[in-house]
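Have the structure open as you read.

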Amino acid sequence: MIHFAQQVFHLATNNTSYLIGIRNNKYIENLYYGNKIKVTENYEALQERFGTGYGNSVGTPDDAMLTLDNLCLEYSFGGNGDYRHSPFEIRMPDYSYSNRFYYQSHEIYEGTFRENEETKLPYARYGEDATTLEIVLHDQKEKMDLILVYTVFPSCDVITRRTILKNNTDSVVRVERMMSLQLDLPEADYDMETFDGSWTRERHATRKHLESGVYVNESTTGSSSNRHNPLILVEKRECTEMTGACIGVNLLYSGNHYEAVEVTPYGKIRILTGIHPHRFEWFIKPEETFYTPEAVLTYSSKGRHGVTAQFGTFVNQHIIPKQWQKRERPVLINNWEATYFDFTERKLLKLAKEAANLGIELFVLDDGWFGKREDDSSSLGDWFVNEKKLGGSLRQLSNKIHDLGLQFGIWMEPEMISENSELYREHPDWAVRIPNRDCYVGRNQYVLDLTRQEVRAEVVGRITEILRNGNVQYVKWDMNRHLSDAYSASLGERQGEFYHRYILGVYEMMKQITEEFPDILFESCSAGGNRFDLGMLYYMPQIWTSDDTDANERVAIQEGTSCGYPLSTMGAHVSAVPNHQTLRSISIESRFNVACFGVLGYELDLTKLSMSSKKIVKEQIAFYKKYRALFQFGSFTKSRMHNGNIIWQVVSEDKQQAIAMCYQQLQKPNTSSDILKVIGLDPEQLYHVEARKQAISIKQFGDLVNQASPVPIKEEGILQTIVNQVYTLESESESYDVYGDLLELAGIKLKQQFVSTGYNEETRVMGDFSSRIYLISSKAL
Ligand code: DGJ
């Protein structure tokens, strides 16, 4: 709902208020953002006061005391005494930066922004209950309009924002910086949380204490990147996981992005997000419009978890394509870590057969099925099936996979070109490079110049041809390098448009391909999670979270990711041990327990598993399928036990069912009890809590097994290996009937962990990197 009275706009979601005032009929002032408040028609109490002005600061032409530098503005155009970080810089035809944008008019209407499709960018959609406000700021002299667009999504407490510039002059205007959102707030006691990392280490949450200065979160790699995700949280110092004020900001964009939080000299903060100004310049011709990407804003007084939950609902309801909302995703087997490039038709079918036996539903053929690709040095761009390697056409292979009862999917990397490829030999100029300069490579490949229409058309043609003929139900769309050598032969003096045009080109291709094949499940990927953002999720409902499949690393990666993106978007696979990224060995049960909080897959050579491991995997898959809706669409919460052990939980919408996982990084001997607390169930309902039975390898006991075994079993000996292949121990039985309030407030004191030689029915055998899953169901069910 958006209400306007007495020069004040009240943007109200179910639980929050966002108040904007028009001051002196010119300036757009932020009056409040936070929990919903009752506002009278007199808004004076919310306005900043300027009594005698502020020393040497600059006043406005019509009110010398009014220091814009100390006013919470909704958008600042600079050069007017506001010295904070500016959201906006444009060069006028006379080369000046001389704008004056003042309030001119506004419009409020039902639904989302009318020009969303014209933007050529992904946007928040399906806004049946949404309302939009457009505030037009006008520059009288230059005849330009700067429009601030707000859309309110009431039920998920989200407000989106974007900025538009309309050039009504008769000359070209150059935009050098134009942020999607500026949010000025009147207090400065905040921390900032960002989601940082690198390849195989994506989105680790980092909390920074904000003192005076400007804190920047950015990417200039051409993608939203694994270095710093566009998601940021700005939280009050006292904010915890479940309590305190937290603001979440994200950007619906997959290219270079820039977020800044400035603690200003007057003890306020300014938050900015938008396209990165790095090497950015956009020419707006007369009568043309420039649209920024849409920024997403949410507020919760219920801590980081409040923001996580609101973003989760928002993504599931307003970002991912309708046909995939609430649609359960198949359990897949991916051959990448099972075979890498070294596969034959026989090997693939053997793997698929084993997968089908274990209950897997989708077989994904990863890199290496096209051109002459036997390693990563060739063939990108040659999207023609290597029939020799596959023993026939893609359709023939797909049919054989279908005959085993599995769906079939393939890997692609449409944005790239290998130097050693037919495509490059035909079109060397299609690779992104600066003329007459040596060219930087990444993973032996170049990036295709997708700013060019003819390049996009050729790639789309080749890909759609494959999809039309291949009998394919799933595509993994990969992108394995950062951009460099940014230049396009087609752009001339407009090279500053390269990065943004590249991502617009990617979006256009994704739109064409995903719209032509709405029933294919697309999973986006970029060397793992290098492009995990809302823009990608608009086209493809899930993303390969990270190339790192080590369960212990995944705990940090998936936790960080969950702060802005729901579990239904995160691809999570069980892989082999020792893990291929870390060489760490974690039990198959714990690898599964972590992976099932997401979209589950397996990525290892199942044919090499022991009999006992196959039995375990079969049971895991059956368990996951039974509770898949909960794992993919339940409300996710992360918390910590008093001793630091991790709890992840998912709760169904009706609170009748939940699953909790307790994960222990390192075993500490003879210490306090683990206390399992589960948050957000119905306090009045009685629940049955039961530990999922897990297999425990006898190898975990080493030599200690001889304390119980009638025959001596040598550690690492043949007997131990043979026994281990066919036989495992069962984890403890543990169950309780308790009310929801007990679970949340007191928690269950779980059975004692194994210590020394004391092992019996009452012991939980855990160890390092170990975990348990607890099923919680209402007794009323
Ligand atoms: C990077 C991806 O993240 C991997 O899962 C795999 O698909 C490789 N690319 C294939 O080249």
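What follows covers the helix pair, then the strand.

This is a predicted model, where local features need pLDDT of at least 70, side-chain atom pairs count only at pLDDT 80 or more, and totals for chains, interfaces and linings use all residues. Residues are numbered from 1 along each chain as its sequence is written, and side-chain values use heavy atoms, with hydrogens and water left out.

**Helices α3 and α5**

- Helices here are DSSP runs of H or I with at least four residues, and strands are E runs of at least two, numbered from the N terminus.
- The axes (lines fitted to C-alpha atoms over the stretch in contact, with angles from 0 to 180 degrees between N-to-C directions) of α3 (residues 345-358) and α5 (residues 394-403) come within 10 Å and cross at roughly 25°.
- That makes α3 roughly parallel to α5, a label for angles under 35 degrees.
- Glu 345, Leu 348, Leu 349 and Ala 352 of α3 meet Leu 397, Lys 400 and Ile 401 of α5, contact meaning heavy atoms within 4.5 Å.
- Those contact residues split into 5 nonpolar, no polar and 2 charged, with Ala, Val, Leu, Ile, Met, Phe, Trp, Tyr, Cys and Pro counted as nonpolar, Asp, Glu, Lys and Arg as charged, and the others, Gly among them, as polar.

**Strand β26**

- β26 (residues 474-477) is covered on both faces: Tyr 474 and Lys 476 on one side, and Val 475 and Trp 477 on the other, are all buried (under 20% relative accessible area, 1.4 Å probe, protein chains only).
- β23 (residues 407-412) pairs with β26 in the parallel sense over 4 bridges, pairing requiring at least two DSSP bridges.
- Lys 476 in β26 is the bridge partner of Trp 411.
- β26 also runs parallel to β27 (residues 521-524), joined by 4 bridges, and Trp 477 stands opposite Ser 524 in β27.

Conventions
Parallel < 35°, antiparallel > 145°, perpendicular 65-115°, else oblique. Buried < 20%, exposed > 50% of the residue type's maximum accessible area, 1.4 Å probe, protein only.
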